[in-house]
Amino acid sequence: MQLNPAHKTIIKATATAVAMFAFVFWVMVPLYNVLCQVTGLNGKTDPNPYKTVPAAVDTSRTITVQFLATNNKGMNWDFKPSVHQVKVHPGEVGSLNFYVRNPSGKNMVGQAIPSVTPFEATDYLHKTECFCFTSQPLEGHEEKDMPLKIIVDQDLPKHINKLTLSYTLFDITEMNNKRTAAR
Amino acid sequence: MTDQTIGHVNDHDDSHADHGPPKGLMRWVLTTNHKDIGSMYMWFSFAMFLLGGAMAMVIRAELFQPGLQLVQPEFFNQMTTMHGLIMVFGAVMPAFVGLANWMIPMMIGAPDMALPRMNNWSFWILPFAFALLVSTLFMEGGGPNFGWTFYAPLSTDYAPPSTTFFIFAVHMMGVSSIMGAINVIATILNLRAPGMTLMKMPLFVWTWLITAYLLIAVMPVLAGVVTMMLMDIHFGTAFFNAGGGGDPVLFQHVFWFFGHPEVYIMILPAFGVVSQIIPAFSRKPLFGYTSMVYAVASIAFLSFIVWAHHMFTVGIPLVGEVFFMYATMLIAVPTGVKVFNWVATMFRGALTFETPMLFAVAFVVLFTIGGFSGLMLSIAPADFQYHDTYFVVAHFHYVLVPGAIFAIFAGVYYWLPKWTGHMYDAGLSKVHFWMSFIGMNLTFFPMHFVGLAGMPRRIPDYALQFADFNMIASIGGFMFGVTQLLFLFIVIKCVKGGPKAEAKPWEGAHGLEWMVPSPAPYHTFTTPPDVK
Ligand SMILES: [Cu+2]
């Protein structure tokens with residue numbers, strides 16, 4: 001078939017439109033996630049446990065790490081850290097618990113989402129153990145102490161001596177149901 | 001050269017070249033004629049303008065006094081949301097597509113658009129899309145209430161059930177716009193008369209060519225973002241849900257990657273219209289034609305790298321704030337070139353102020369004010385104060401009302417004699433201009449002041465100290481609104497009759513469209529004209 005110039009233009013323009021639609025899903029979304037990982041943008045921490053590397057504890061510095069627990073709108077669990085702050089040397093493990101209780105009579109699933117401020121410290125706050133790595137199912141009226149272990153990196157920029165690690169607890173029961181239904 | 005070698009796509013029947021349109025309703029349903037479709041776009045856009053305007057009247061009536069008088073906050077939110085959506089997607093964009101349909105083939109000496117049948121489709125999708133959108137107002141839980149920017153999670157987790165229909169409506173609008181844009185590109189690149197080189201094209205054609213590229217680049221992004229919302233709402237994905245590993249801020253990035261080019265989609269064709277009209281009534285050629293083309297192209301390019309200036313307060317790193325601040329300020333350079341060229345065209349010209357020229361001059365002055373408030377907003381540290389206040393509302397209404405809409409009025413008054421074969425009532429049209437001019441400034445100028453003083457947008461009530469300025473804005477709004485009924489009357493009167501228009505009713509006008517008689521015959525340039 002002979003393609004006249006107009007047909008070629010139309011094919012090119014249509015292909016561009018289709019490519020831009022794909023660009024949103026397969027370029028913009030992954031690129032944004034990678035950017036957040038690399039830069040610590042939005043204070044998003046690594047969603048996987050940190051593999052400890054043997055390193056000397058830097059006793060010359062003491063870092064205060066503060067903890068916040070917030071419920072997202074519509075989440076009714078009790079949620080609070082066992083201590084509000086710990087003081088650690090870089091390289092040293094700090095551990096504490098977060099208490100949760102499901103006051104409702106229903107089985108629910110929660111997911112805690114961490115965020116670190118200041119942003120530039122995000123990549124220097126490591127978690128070797130965290131309840132945020134997986135979702136947390138709780139039966140009605142069940143309560144639980146969830147462990148958290150953190151290490152502040154020795155390379156934390158010198159001007160930072162206080163970090164805030166904040167958790168927001170989401171009710172993902174319904175989203176999980178939709179996911180199962182969609183499968 | 002024959003029709004075939006210039007690349008006309010034969011998906012409609014050319015054999016009836018000389019007779020007029022068929023009669024009756026089916027003419028409009030089945031038409032593939034660019035003039036018919038252009039007229040339908042214009043009428044549809046005007047209907048949407050009145051509907052979106054009626055919603056603005058509800059907003060201004062509620063804000064006439066502090067306190068809650070007329071509507072509930074929930075309904076107020078639906079009004080601000082629908083007003084924005086209808087004005088952007090229903091009024092401004094279709095109006096420019098209508099102008100493109102009518103004028104581009106006539107300006108480049110083409111017999112019709114390149115894809116007449118698809119043209120029919122892209123128009124007829126729109127009434128269904130907007131019927132669906134407006135019907136959400138009557139559904140349980142009401143219509144969209146999350147602002148025209150529909151930020152997640154407001155538009156996902158906390159949205160009314162009707163949001164699914166809103167999403168489908170946006171999909172349909174997107175398909176319509178993309179088809180329209182493909183048509184414009186195919187027409188301009190392939191159907192130009194022999195001798196009509198790219199750098200001889202009228203500026204309106206140039207601006208539309210670039211706009212069409214913006215449309216095919218970003219309307220799919222809009223479709224993508226609403227599709228992600230749809231999946232989050234119904235299929236348990238978590239693009240924008242932090243609880244599932246997503247990020248609501250991602251929504252804002254994707255939305256504004258569409259949204260900023262979108263504002264140029266609404267303003268570049270306006271630049272084109274004004275660049276046709278100012279030379280005609282200055283009786284001088286456009287100053288700096290080539291620089292105008294390059295300015296439009298660079299504005300279009302820059303529009304892709306400034307989106308985060310809408311997000312200065314969501315928490316982006318300092319380098320990001322600085323980059324997006326300077327990139328945004330850079331847009332003032334090509335825009336300044338354009339304003340300079342329009343003024344230079346008028347400088348020492350033999351100026352007359354017929355209605356199209358009045359609207360065009362008002363465009364230059366008032367759009368520049370909107371541009372300056374945009375520059376103020378682009379300063380990241382200052383934006384922390386202006387963000388989400390009425391200052392932003394004042395800014396974008398100054399670029400859209402006396403920008404996009406005045407340019408549409410100017411274009412209609414410029415080409416109406418060509419479309420109808422009649423001259424309109426010049427006196428009444430000047431009343432329309434002055435009432436619109438005064439009404440519009442009364443409405444939006446005080447918003448700068450209340451915005452700087454901290455009045456938040458999208459709230460049905462306000463603190464007492466804002467009362468006087470809001471009352472003035474409401475009075476101006478009512479004045480502007482009522483005046484548009486006069487415009488309807490002027491256009492209907494002109495369609496029905498009036499002094500006969502000559503082929504070229506404006507002595508200073510140039511271009512192929514003025515070579516055909518008025519009204520333009522149903523088929524024009526079936527044999528391409530010779531362009532010197
Ligand atoms: Cu923008």
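Visitor: Which residues does A:Ala69 touch, leaving out those up to four places away in sequence?

Guide: This is a predicted model. In it, A:Ala69 touches A:Phe79, A:Lys80, A:Pro81, A:Phe98 and A:Tyr167, with residues up to four places away in sequence not counted. A:Ala69 itself lies in strand S1 (residues 63–71) of chain A.

Visitor: Why is A:Ala69 called partly exposed?

Guide: The relative accessible area of A:Ala69 is 27%. Buried means under 20% and exposed means over 50%, so A:Ala69 falls in between and is partly exposed.

Visitor: Which sense do S4(A) and S8 of chain A pair in, and over how many bridges?

Guide: S4(A) and S8 (residues 143–152) pair in the antiparallel sense over 9 bridges. A:Val100 stands opposite A:Lys144 in S8(A), and A:Val93 has A:Ile151 as its bridge partner there. S8(A) also pairs with strand S6 (residues 125–129) of chain A, antiparallel and over 4 bridges. In that pairing A:Lys127 stands opposite A:Ile150.

Visitor: What makes the side chains of S4(A) alternate?

Guide: In a regular strand the side chains alternate between the two faces of the sheet. Along S4 (residues 93–101), A:Gly94, A:Leu96, A:Phe98 and A:Val100 point to one face and are buried.

Visitor: Which residues have the most contacts inside the largest nonpolar core?

Guide: They are B:Phe89, B:Phe130, B:Phe150, B:Trp208, B:Trp342, B:Phe363 and B:Trp415, in a core of 196 residues. Among the residues that B:Trp208 touches are B:Phe96, B:Val97, B:Leu215 and B:Pro269. There is also a second, separate core of 30 residues, including A:Ile63, A:Phe67, A:Met75 and A:Leu163.

Visitor: How do you know that B:His260, B:His309 and B:His310 coordinate the copper ion?

Guide: A donor is an N, O or S atom within 2.8 Å of the metal. B:His260 (ND1), B:His309 (NE2) and B:His310 (NE2) lie at 1.7 to 2.0 Å, so they count as donors. Along the chain the donors follow the spacing H-x48-H-H. B:His260 lies in helix H7 (residues 248–282) of chain B and B:His309 in the loop between H8 (289–302) and H9 (318–330), so the pair ties together parts that are 49 residues apart in sequence.

Visitor: Why are B:His260 and B:His309 called buried?

Guide: The limit for buried is under 20% relative accessible area. B:His260 has 6% and B:His309 has 12%, so both count as buried.

Visitor: What does the UniProt record place at residues 12–32 of chain A?

Guide: The unreviewed entry gives the feature "transmembrane region" there. In the model that span is 100% helix and 0% strand, with its end C-alpha atoms 28 Å apart.

Definitions and conventions:
Residues are numbered from 1 along each chain as its sequence is written. Chains are lettered from A and ligands numbered from 1 in the order in which they are written. This is a predicted model: local features need pLDDT of at least 70, side-chain atom pairs count only at pLDDT 80 or more; totals for chains, interfaces and linings use all residues. Side-chain values use heavy atoms; hydrogens and water are left out. A nonpolar core is a set of buried Ala, Val, Leu, Ile, Met, Phe, Trp, Tyr and Cys residues joined through side-chain atoms within 4.5 Å. Buried means under 20% relative accessible area, exposed over 50%, partly exposed in between (1.4 Å probe, protein chains only). Contact means heavy atoms within 4.5 Å. Helices (H or I, at least four residues) and strands (E, at least two) are DSSP runs, numbered from the N terminus. Two strands pair if DSSP finds at least two bridges between them. Donors are N, O and S atoms within 2.8 Å of the metal (3.2 Å for Na, K and Ca); water is not among the atoms, so sites may look incomplete. UniProt positions are given in the numbering used here, feature names are shortened, and annotations may be inferred rather than shown by experiment.
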